[in-house]
Each structure stands twice: as C-alpha cells, then as structure tokens.
Amino acid sequence: MTATQNFRIAAIPADGVGLEVVEAGRAVLDSLAGSSGGRFTFEWKDFPWGSEYYGEHGKMMADDGLEELKTFDAIYFGAVGWPTVPDHVSLWGLRLKICQGFDQWANVRPVEFLPGIVSPLRKADDTDLNWVVVRENSEGEYAGIGGRNLSARGEGGEVAIQSALFTEVGCERIMRFAFDLARTRAKKKVSSVTKSNAQQYGMVLWDDVFKKVAADYPDIETESVLVDAMAAKFVLHPEELSVVVASNLNADILSDLGSALAGSLGLAASANLNPAKTYPSMFEPVHGSAPDIAGQGICNPVGAIGSAALMLEHFGLHDEAKAVQRAIEQTTGDGIRTREVGGSASTAEVTAAIIERLHS
Ligand SMILES: NC(=O)c1ccc[n+]([C@@H]2O[C@H](COP(=O)([O-])OP(=O)(O)OC[C@H]3O[C@@H](n4cnc5c(N)ncnc54)[C@H](O)[C@@H]3O)[C@@H](O)[C@H]2O)c1
C-alpha cells in the first residue's frame, strides 16, 4: 500500500464573496480526498486576514504572516477588498504582499468556455475556444515604484509618479514559461502583448526579449500584438489565441475581458505560481470580493473551484484535476448555474451539484 500524501493548505478567504467561494472550493477538495481511499488528504489552516482584520489590527495580515505561510504546500485565496479600506491598502497589504514576497512570478489564467453558459461572443461555444493568459506577476506596472507629492506643491498641486519596472530576467522567465506551456497545448502558439509604440523603454525591452526567447522555440508560432489590438482580437478573433503572455497590468485587464467573454467574472480561475517551488504558490479566482452580492449565497463558485483544480495539478494530482473540471462542465451543461449566468441556483447548490458529479 502506498503512503498517504498529506497536503497542507493555508486558506485565506479574506473579504466578501471570497469567504463563500473558498468554502465551496474546500468542500470540493475535501470530498475528493474523502473518496481517494486514503491516497491523499488535505490539512487546512484558516487565516482570518483581510479588511475586518485591518479594522481590528491596523494591518491586513500578521507581521510574521509570510513566515508562517512559507511552511504550507499551497495557499487557497478568496478575494481581498472592502469599502471600509482603501483598495490600494488592502491589495498591497495582503494579496500583492504574498505574490511578491513569495516570488509568484507566473500568474496563469485560463479562459474556458463552458457548456450551458452563453457567451456574448457571436460564434463562441465550448468546443472550439479556450486560451490561457500568462501574466508577469512580479514587476511591470505593479512594481510599486513611485511617489506622491514629490515636489510638495501643496493642495491642488499634487504630483504622482507611478513607474513600471521591466527587467530582462523578469521578461525572459515569464516568456519561457509561456512557450513551455504552449508546447503542452493543441495549438502551439504564443501571442505577446506589447505597447512598444508608446512605451519606448520597458515595452521595447519586452519585445526584444520575446524575439530572443522565440528563437529557442522554432516549433511554436508567435505573434506580437499591441494591447489595444489584442483587446479587439479577444472579441473578434479569439480562435487565433492559445497562450497570451503579457505584463502585469495588461494581463490583468485582458484576463478579465477573457472571463467576461466566457460569460462571467465568476467563472475564471487562476494560479499564482512560484515555479521554482522555493515558496508556496497561491490559487484564487480571478474575481474580486464583489461587495454588491456578498453574503447573499448567490455568487458563482466555479472560478474558485476551477482554481482548486489548478492547485490539484500543482500537487501532481492530474486525474483529480481533470475530474473536477469535468464535473464543472457537466454541472453548467446540466443548466445548474448561478444568477449572473442566467440560472437560479445558489452558490451551495452549484457546489453540491459539482460534488455530486465528481462521484457519479
Ligand atoms: N484578487 C483580488 O483579491 C481582487 C481582484 C479584483 C478586485 N478586488 C477587489 O474587490 C473589490 C470589488 O472590486 P470590483 O467590483 O472591481 O470587482 P469584482 O470582481 O469584485 O466584481 C465585479 C463584478 O463582477 C461580479 N462578480 C465578481 N465575482 C463574482 C462571482 N463569483 N459570481 C458572480 N458575480 C461575480 C460582481 O458582482 C460585480 O458586478 C475591490 O475592493 C477590489 O479592489 C480584489
């Protein structure tokens, strides 16, 4: 008999619908472990960090939080942000602190078209469209370099500088990651998103590195597309996409566009990877804390459950990851959907339906 694999997961639901969708994803994973015949188990620890914690402690997470998180196999994250705390404080104080502190430099965001979900695209269905946005997750426009009121001009004359950081190492590693991923996909193509016509330093370096890396992958088709044109391409010619590699901000925007085209922000999964595995990676839905629907039990858990499937892949549980993805597809295909995608099921009903199909 083989030994039981025990995966230690840090759960950080944080704010708003984050609490609801993390609960849903945990239920799916625990049910999988329960039926694994003792092959694997998940050991969870909850962390109460987020905007409420900020209200009590004046900080988004414990001072030694990263030290403690380091000991886990993975982090399962909900969403951070609540109207009581400025968004830049909550984001930098928790999510970005973890992503940057743990060098999770590759953010993988699949755009999946699911059966039973109507896309606003004219020709879309789940049989011919899917692509992955690979987001540079450690520098670029979210490097946090800049300052405010540098010249101290006083009220009405404030100045702010927000710089973007592009390094050859940072560009090269994310591009190699994208090319390696493209080799595993049916359509062997990488599209680089640039803005080198207007941003003549960082984005020209980005383009130069893309050309250099592409030369090492002659089997992969490439293209370089300006971000504005790529936004149009997502809508008009998504069938031409396979792996889309982009800087931090550009990929952030484009992946939301991708999930909206697939039907809802609530469907999109993501993995913040530290490919060297020096630190834990973090898995979270693409969406935010959705204060407009939080606490009502109606948010879509599919993005969070899809992120749990990405975590299973990361653990090497490939068959289980596929089983979760299949159960999601069967559930939406059977018409069990939350309201924002035209259904009437609650978060708990969609979760229960996915678990049921996992075992049927
Ligand atoms: N990764 C993160 O933690 C993250 C990402 C984006 C935004 N945020 C934060 O979340 C807060 C709200 O931001 P926002 O409104 O711009 O983005 P949002 O993603 O929270 O919501 C945008 C829209 O999508 C809907 N939506 C989101 N998730 C859904 C789900 N699971 N099911 C159904 N509908 C869903 C919401 O109801 C809303 O109409 C802000 O504080 C923001 O900073 C956090």
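A polar contact here is a pair of N or O atoms within 3.5 Å; within protein, one must be able to donate a hydrogen and the other to accept it, and residues adjacent in sequence count only if both atoms are side-chain atoms. This is a predicted model, in which local features need pLDDT of at least 70, side-chain atom pairs count only at pLDDT 80 or more, and totals for chains, interfaces and linings use all residues. Residues are numbered from 1 along each chain as its sequence is written, and side-chain values use heavy atoms, with hydrogens and water left out.

**Stop 1: the ligand**

Select S289. A polar backbone atom of S289 sits 3.0 Å from a ligand oxygen. Next, take G288: a backbone N or O atom is 2.7 Å from an oxygen atom of the ligand. Then A290, where the corresponding distance from a backbone N or O atom to a ligand oxygen is 2.8 Å. The protein buries 72% of the 800 Å² that the ligand exposes when taken alone (Shrake-Rupley method, 1.4 Å probe).

**Stop 2: the shell**

Show the 21 residues around the ligand (a heavy atom within 4 Å); V80, D87, G288, A290 and N300 come nearest. Color β3 (74-79) and α4 (87-101), the elements that give two or more residues to this shell. Helices (H or I, at least four residues) and strands (E, at least two) are DSSP runs, numbered from the N terminus.

**Stop 3: S247**

Move to the loop between β10 (243-246) and α8 (248-261), where S247 lies. Leaving out residues up to four places away in sequence, S247 touches R135, E136, E141, F166, M203 and W206 (heavy atoms within 4.5 Å).
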